[in-house]
Amino acid sequence: MGIAENIQQIVTEISPAARLIAVTKTKPVEMLMEAYQAGFKRYGENKVQEMVGKYEQMPKDIEWHLIGHLQSNKVKYMASFVAMIHSVDSLKLLQEINKQAAKNNRVIDCLLQVFIAQEETKFGLSEEELEELLVSEELKSMQNVRIVGLMGMASNTDDEAQVRLEFRGLKQLFDKLNARAADFPANVDFKEISMGMSGDYLLAVEEGSTLVRVGSAIFGSR
Ligand SMILES: *Cc1c(COP(=O)(O)O)cnc(C)c1O
C-alpha cells in the first residue's frame, strides 16, 4: 500500500477516539508531500533541526508536533510555528518554552511526558514530579504555555499485556489529575493523551489515547 492508503487506514481505525500524527523523522520531504497532497496535515518530528528544515520546505498550513526529547536551547528555533510539544519533562524547559512563545506572541500547547516504561532509558517525569510541577507557583505565571495533557512511551517489548498495563496506568494518572483540575492554574487544561506508535496504536486507543504517533507503519521502516 502507498502512503496515502496507509494513513487512510489508520485514521479509519482510530477515529473518532484519537487523531493521527504521522511521524516523519528521517523521511524525505517528498514523502511528506505525498501525504500532504492526499490531504493530511499533522506531522511529528523528534529533532528540532529536522522539523525546522521540513517546515521551511513544506506548505505553511501544517500542524507540527515535536515528539522527541527537547533541550532548552533549541526551543527558539521552532517557537514561531510548532503546534504542540509532547516532550516537556522539566519546569526549566517549560519556562524556556513560555519565554520563546511570548517573544512570538503565541500560546504553545504542551504535554508533560510521563515515565511509564520499565526501561531506564526513556525520558519523563514521575507521578510525584508531575504533581509538583502542576501545583508550582512558577507555572501560574506562565501566560504563553498551555498544558493540554500527558504523553508516554511504553516499553519496547512484544509483551502486549505489559504495554497495555503501561498505557492503562497513564490513562489512570490522567483521570486522577483531571479530577483535581481545581488545584491547578488556568493554563492547565487536560484533554489529550499522546500514546501509541506503529506497533501498539490500536492498543493505545483502546486504553484511552487521543493522539497516536505513527511512523514506520505509514512510511516504512527506518
Ligand atoms: C519515532 C517515534 C515514534 C514513531 O515510531 P514508529 O514505531 O515508527 O511508529 C513515536 N514517538 C516518538 C517519540 C518517536 O520518536
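## T26 and its surroundings

Leaving aside neighbours within four places in sequence, T26 is in contact with E50, K54 and R222, where contact means heavy atoms within 4.5 Å. T26 and R222 are 196 residues apart in sequence, while their C-alpha atoms are 7.1 Å apart in space. T26 is found in the loop between β1 and α2 (29-37). Helices (H or I, at least four residues) and strands (E, at least two) are DSSP runs, numbered from the N terminus.

T26 is exposed, because its relative accessible area is 54%. Buried means under 20% relative accessible area, exposed means over 50%, and partly exposed is in between, with a 1.4 Å probe and protein chains only. T26 also has a positive phi of about 70 degrees, although T26 is not a glycine.

## Basis of the description

This is a predicted model, in which local features need pLDDT of at least 70 and side-chain atom pairs count only at pLDDT 80 or more, while totals for chains, interfaces and linings use all residues. Residues are numbered from 1 along each chain as its sequence is written, and side-chain values use heavy atoms, with hydrogens and water left out.

## Overall form

The protein has 9 helices and 8 strands. For 222 residues, a compact globule would have a radius of gyration near 17 Å, and the protein agrees with this, having 17 Å. That radius is taken over C-alpha atoms, and the globule rule is 2.2 Å times the number of residues to the power 0.38. Along the principal axes, the C-alpha trace spans about 50 × 45 × 30 Å.

Of the 222 residues, 50% count as buried. Among contacts with a separation of 6 or more, 59% come from residues 24 or more positions apart. The accessible surface comes to about 10500 Å², and carbon and sulfur atoms hold 47% of that surface. Accessible areas come from the Shrake-Rupley method with a 1.4 Å probe; for residues, only the protein chains shown count as cover.

## Charged side chains

There are 25 positive and 32 negative side chains in the protein, and the centres of the two sets lie 6 Å apart. Lys and Arg count as positive and Asp and Glu as negative, while His and the chain ends are not counted. The place of a charge is taken as NZ of Lys, CZ of Arg, CG of Asp or CD of Glu.

Strand β1 (residues 19-23) runs parallel to β8, and 4 bridges join them. Two strands pair if DSSP finds at least two bridges between them. The bridge partner of I21 in β8 is R213. Strand β8 (residues 211-214) is covered on both faces: L211 and R213 are buried on one side, and V212 and V214 are buried on the other.

β1 also pairs with β2 in the parallel sense, over 2 bridges. In this pairing, A22 stands opposite Y43 of β2. Strand β2 (residues 42-45) has both faces covered as well, with R42 and G44 buried on one side and Y43 and E45 buried on the other.

In strand β6 (residues 145-152), 7 of the 8 residues are buried, so the strand is largely enclosed by the rest of the structure. β5 and β6 pair in the parallel sense over 7 bridges. L111 has G149 as its bridge partner in β6.

Strand β7 (residues 188-194) runs parallel to β6 and is joined to β6 by 4 bridges. In β7, V188 is the bridge partner of I147.

## Loop residues and backbone angles

Most residues other than glycine have a negative phi, and most peptide bonds are trans. N105 has a positive phi of about 55 degrees although N105 is not a glycine. N105 is placed in the loop between α4 (91-103) and β5 (108-114), and N105 counts as exposed because its relative accessibility is 73%. A cis peptide bond, with omega about 0 degrees, joins S15 and P16. P16 lies in the loop between α1 (3-14) and β1.

S136 is found in the loop between α5 (127-134) and α6 (137-140). S136 is buried, with a relative accessible area of 11%. S136 and F184 are 48 residues apart in sequence and 8.7 Å apart in space, C-alpha to C-alpha.
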